[in-house]
Amino acid sequence: MGIAIGIAGTAKNTGKTTTTSAIFNELYKHKIQVALTSIGYDGEEIDNITGLPKPRLFVKKNTILATAKKCLEAGNADYDILETTDISTPLGKVCIVKVIKEGLAVVAGPNKGSQLNYIKSRMFNDLNCKVILVDGALNRLAPMIETDGIILATGASRNTDIDVLVEETKALYELLNLPTISKDDLQFLSDIKKIALVPKDSNAKTVFLKYGSLIDNEIVNEIADIIKEIDIKVIFIPALISEFALKTLNDSIGNSWANKDLIISDPIKLIIGGNPETMLKEVNRIKCNDGNIKALKNIPLLAITVNPFYPKYRFDKSSYEPGYINKENLLNKMRTSIEVPVIDIKQEGPSRLLESILSRI
Amino acid sequence: MIDKKKVLLAPLDPVHDIGLKMIKRGLENKGHETILIPPDYSPEEIIKSIIDNDVDIVLVSRTLGYGVAEVLGKFIDLAEASGIRDKVKIGIGGMAVRPELAAELGFDAGFGPGTSVDEAVAFVEGREYVPAENRSKKNKKDITEGYDYLFHNKKIEKLLDSIVDGILDYVSDKTTTAIQRAQIRRQILESNSESEKQKLRRDYSKLCDDVIKSFYESGKYREKTRPMTNDEVDALNQYVDAVNSRMNPLYLQHVDKNPVVFIQYGTGCPFMDIAHIKSCEAWGADGAVHFDPSWGARTEGFLEGYITHEEDGSVITYENLKSIKKSLLPNTLWQVRAHRGLNTPETVLLAGKIGADLTKINIAYGSLGGGTDPERLTVDAVEAIKYAAEFNMPFDVVTNEELCGVPAYKAFAGMLIVSKLGLRLGAKPILQPLFCYSPEVMISGQMEDNYVDFNAAKIYCLRNIVNAPIWCGAPIGFLTQTEDRVQSSLMTSLHASLASSLGVDGISIASSDEAFSGGPITIPARIDTLRATQSSFRFFGQSNIVPTDNAHKWAKEIEEGIEAVLELVLKNGNFVNALYQGILGSKEDGAYPGRAGRDSVMKKIY
C-alpha cells in the first residue's frame, strides 16, 4: 500500500503546482511509481482567473494520471487510456491514463472526496502506485480528507502581511493536530450523519438533530435547549461547523462545556467553516471552559511550503502583475512558530519534503 | 421520460439574478420544480436551503471579480463538508465562467456567456446538450443566387453592350506575358511529369521580371521574402487542426436579410493570415478576402512554395493559397483578389484551381486607382474573367477609385462596363459600390447632414439599373473611422445595418484599428467590428433605416451621370482610350492611369 499526499493551498498562487512538480521530479529520481490527480485544474499556461503565466506540469513515461477527457487533448504528453470512469466534470469524464510519451500535462480530476476515494483505490490496488499526489485548487480543502497527509502551500498570495500569514498558518497547524477519539468511540460515531447529543446517562437515548452541520442559530439554539434539559457528555457534529455557529454555541453554553466533548468528523470540517485563527480561538474557549474537542480522524500536516510571490492587482491597468514579500523574514518567522518542516521549494528543492513522504510508505 | 427534478437557483451575488430567472422559466416549462432564493444570501444560508428543500440540483450564479473565485471555491468546500455534495449536482454560471474555471472551482458544470437556457436545462436533466441544428451549422451562401441580371434601364444596357463589343474587338488580336504565364502555370499544375514541369518552369521564368527569374534560375528570394521552414509549415498544420477541432463559430446575422460579412487579410505571413481568418471565423465572419502585396502587382510572374515576407499583403503562390484554403471552415466564403497588377489571369486561374469561391476584377479601378496600365489590364482582365467563368467564380467589381476622388457616377460607369463584360463572357459579376465618406461628398456636401442618404442613393441607383447582387465595400465606412476603436466599430456597425436595411447581399468590414494601425492590425480590433456588426444586426432586426428624399434625388442624378459617361466612352471610340483620357476618372478627379505594364501588350501570333 502506498500513500496519498494532498498538496493543499491557502489561496491561488501559493505554489501548489510548483510543489507538486518538485515532488514529482524527486520521485522520478527514486524510480517510485507515482500517480497524479487534481481536485481543480492544473497545468494550464495562463491562470484562469488572474491571467498570469503559471508553472506547467511535466510528466514522464509510465506516470499514472486521473484527468478529465478534454484535458488529454491539451499539453503535449501522450496517453494510454486505462479506464474512462463515470465521474463527470465540466471538462468531460475523468479518465485514468498512463503516460506513454512524456510531456506537459493538464490535470483536472475528481472534485469530490468520494470520487477521489475511488480513484485512489484504483491507483493503489490495481495499478500498484506507491505515491499519489493530489493537487489542490485555490483555497479548497474538503476533498483532501481522503488523503493520508497534506503539504500546505501558503504565501503572499494568501496575505502579504507576514505576521498575519504566520498566525494563520499556525492556527491551521494546531487545528489539524486536534486529538482523535478512541477506537470504541469511533465505532459508535463513524456511521452517524446527523448531529448527535449523547447523554451521560448510558440508559438515556442519544438525541439526533435534523441536520449534520452546525451552521446557524436555529441549530445552535436547539442544542442549547437540549443541554439545559439533559446532561450531555458528547456533542457530535459529523459535518460542517461554521465559525459564526460555533461562536454562538460557545456564547450560549459557555461554562456548561465542563466535562463535555465536542467531537467532530475531522479538522477540515472546522477549518473550512471560517477563519482558522477565529476557529482556533473558539476551540480554545471550549478548552478554557474545561471541555474537550476531538476528531474522528486527523490528517497529518507533513510540511509547509512558502511562496513569497503574489499577483498584485493594478487598479490603473485593471490587470495583475507579479509582486513579492520578504522571503527570509517569512521563512524565519514561520519556522520559529510551527513544528513541521517549512520549505521554500524553489530555493531548497524537494528532498526534505520527500523524506516526510517516504518515511510513511 | 425525464425525471422531474427539484432545482435550487442561488444567486451567490449581491445583486444579479437575471440569468437564473430566465433558467427558472425554462426549467418550469419542462415541468421541473424550482426554488429561486433572493440575492445576497450567505454561502451557509444557501447550504441550509439546499438541505431544507432536499433539492437534486443547485445552479449558482455569480459575477466574477477580485477574490470571488475563492468565495466560490469555499462554497463548494462547504457543500462537501456539509455532506450534500454526493447527492446534489452543482453548476455555476456567470459572465466570466468557463468550463476550465468551473473545474478548478470544483463545480459539476460551468455556464459562461452565450449559454442558452436549453444548455442549463440539459445539465439539470443529466443529458448531453446538443445545440439546435440550424444554429450549429453555418451554410456557405451564394450571394449571386436569385439574380437574373435583367437591365431595367435599357438605354444603359444598350450603351454597355456597344462598349463591351468594342472591348472584345480591341483585345481579340492582343496578348500579354501574363496570359501566357497563366497558360504555362495551368500546364504545370496539370502535368504529372516532373521533367515536363521543370521545362515548363524554365519557359515560365523567361516571361517573368528579373526578381522572379532569379528565383527559378538560382533559388534566390526577393529581399524581405523567405520560404517558410518545414517546422513552420508543420506547426501551421497542427495549429489549424487544433483550432478547427474546437471551433464553434458565432453567427453575425440576426435576420435573413442581414448581408454576409467579409473580412480582409494580408499580413504578409500565411501563418498569421490564417490566425486572423480563424479568429474572424470564430467571431462569425462569413468570408475572407486575400490581399496580395503591392510589389506583386508590379512584378511580372509568381514565385512558388510556402512563402512569407515582411510587408503588407500576402504573397500569391499555389502553396500559400492552398494552405489558406485548407485552413478554412467549409462554410467560409473565400475571395482571391485579381483587380489590379500584372498577374491577373494567373491569379484567377490559381484561385479557381484551388477552389476559391469568388474573385475580384475591375479594369477601371485597377488601372485608375490600382496602378496598372489600362491597356494591359484590359487585355489581361478579359482573360481573367474567362477563367472566372470557367471555374464558376463570381467576381465583384470594386469601385475604390472613389477614394481617389473619382465621383460615384464615373466609378459606377466603369463598374457597369466590366460587369456587362463579365456577363458577356459567361461570368457572374457582383456590383461593389463603396459605403464611404468619399472626397466627392466631402467637396460637394452630400454627407454634411448624414452618412445615410448618399450611400442609399448608390444602392437605389444600381437597383434602378440592373437586377444584380450587391456587395458593399471595401471596407464599409471608409474614411468615417478614427483611431478610437469604439468609434470605428460603431461606424462599421451602422454602415452594416444601413447595408442590411437597403437589402444588399454582402459587406466587407475593417478592423477597428485598420485605418490607423500604423502597422499590423490586431485580432481584438477585428473582434470589435465583428461583434459591433452582430450587435447592430440584432438591434435593427427587420426594421429599416429610412433615408430622406435626397437619397432618391441623388440616385437619379448618379444614374443620369452614368448614362452621360457611357455615351462619352462610346463617342470616344473605345474603352481603353476612355481610361487614358480620364472619362471614367480624370487627373482632376484624382485618378491617374497606372504605369505598371505600360506598352507590354503584344499582338497575338497565330
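User: How many residue pairs are in polar contact across the interface of chain B and chain A?

Analyst: A polar contact pairs N or O atoms within 3.5 Å, with one able to donate a hydrogen and the other to accept it. In this predicted model, the rule finds 13 such residue pairs across the interface of chain B and chain A, both residues at pLDDT 80 or more.

User: Which elements of chain B give two or more residues to the side that touches chain A?

Analyst: They are helix H2 (43-53), helix H3 (68-81), helix H4 (99-105) and strand S5 (109-111) of chain B. H3(B) gives the most, with nine residues.

User: How does that side of chain B divide by class?

Analyst: The side of chain B that touches chain A has 14 nonpolar, four polar and 13 charged residues.

User: How many residues are in contact, and how much area do the two chains bury?

Analyst: For residue counts, contact means heavy atoms within 4.5 Å. Here 31 residues of chain B are in contact with 39 residues of chain A. Buried area is the accessible area lost when two parts are put together, summed over both. Chain B and chain A bury about 2,900 Å² between them, and 56% of it is on carbon and sulfur atoms. On the side of chain B, the residues that lose the most area to chain A are B:Lys48, B:Asp77 and B:Glu104, together 23% of what that side buries.

User: How many salt bridges are there between chain B and chain A, and how many over all chains?

Analyst: The cut-off is a Lys or Arg side-chain nitrogen within 4 Å of a carboxyl oxygen of Asp or Glu. Between chain B and chain A the count is five. Over all chains, the structure holds 56 salt bridges. One case to look at is A:Lys112 with B:Asp108, whose side chains meet at 3.8 Å, N to O.

User: Within chain B, at what angle do helices H11 and H12 pack?

Analyst: Angles under 35 degrees count as roughly parallel. Helix H11 (residues 230-245) and helix H12 (residues 270-282) of chain B pack at about 5 degrees, with their axes 11 Å apart. H11(B) and H12(B) are therefore roughly parallel to each other.

User: Which residues make that contact?

Analyst: From H11(B) come B:Glu232, B:Ala235, B:Leu236, B:Tyr239, B:Val240, B:Val243 and B:Asn244. H12(B) contributes B:Phe271, B:Ile274, B:Ala275 and B:Lys278. By class, the residues of this contact are eight nonpolar, one polar and two charged.

Note on methods:
Residues numbered from 1 in each chain as written. Chains lettered and ligands numbered in written order. Predicted model: local features only at pLDDT ≥ 70, side-chain atom pairs only at ≥ 80, totals over all residues. Heavy atoms only, no water. Axes fitted to C-alpha atoms, helices over the stretch in contact; angles between N-to-C directions. Helix = DSSP H or I, 4+ residues; strand = E, 2+ residues; numbered from the N terminus. Parallel < 35°, antiparallel > 145°, perpendicular 65-115°, else oblique. Nonpolar A, V, L, I, M, F, W, Y, C, P; charged D, E, K, R; others polar. Buried area = accessible area lost by both parts, 1.4 Å probe. Polar contact = N/O pair within 3.5 Å; in protein donor to acceptor, adjacent residues only side chain to side chain.
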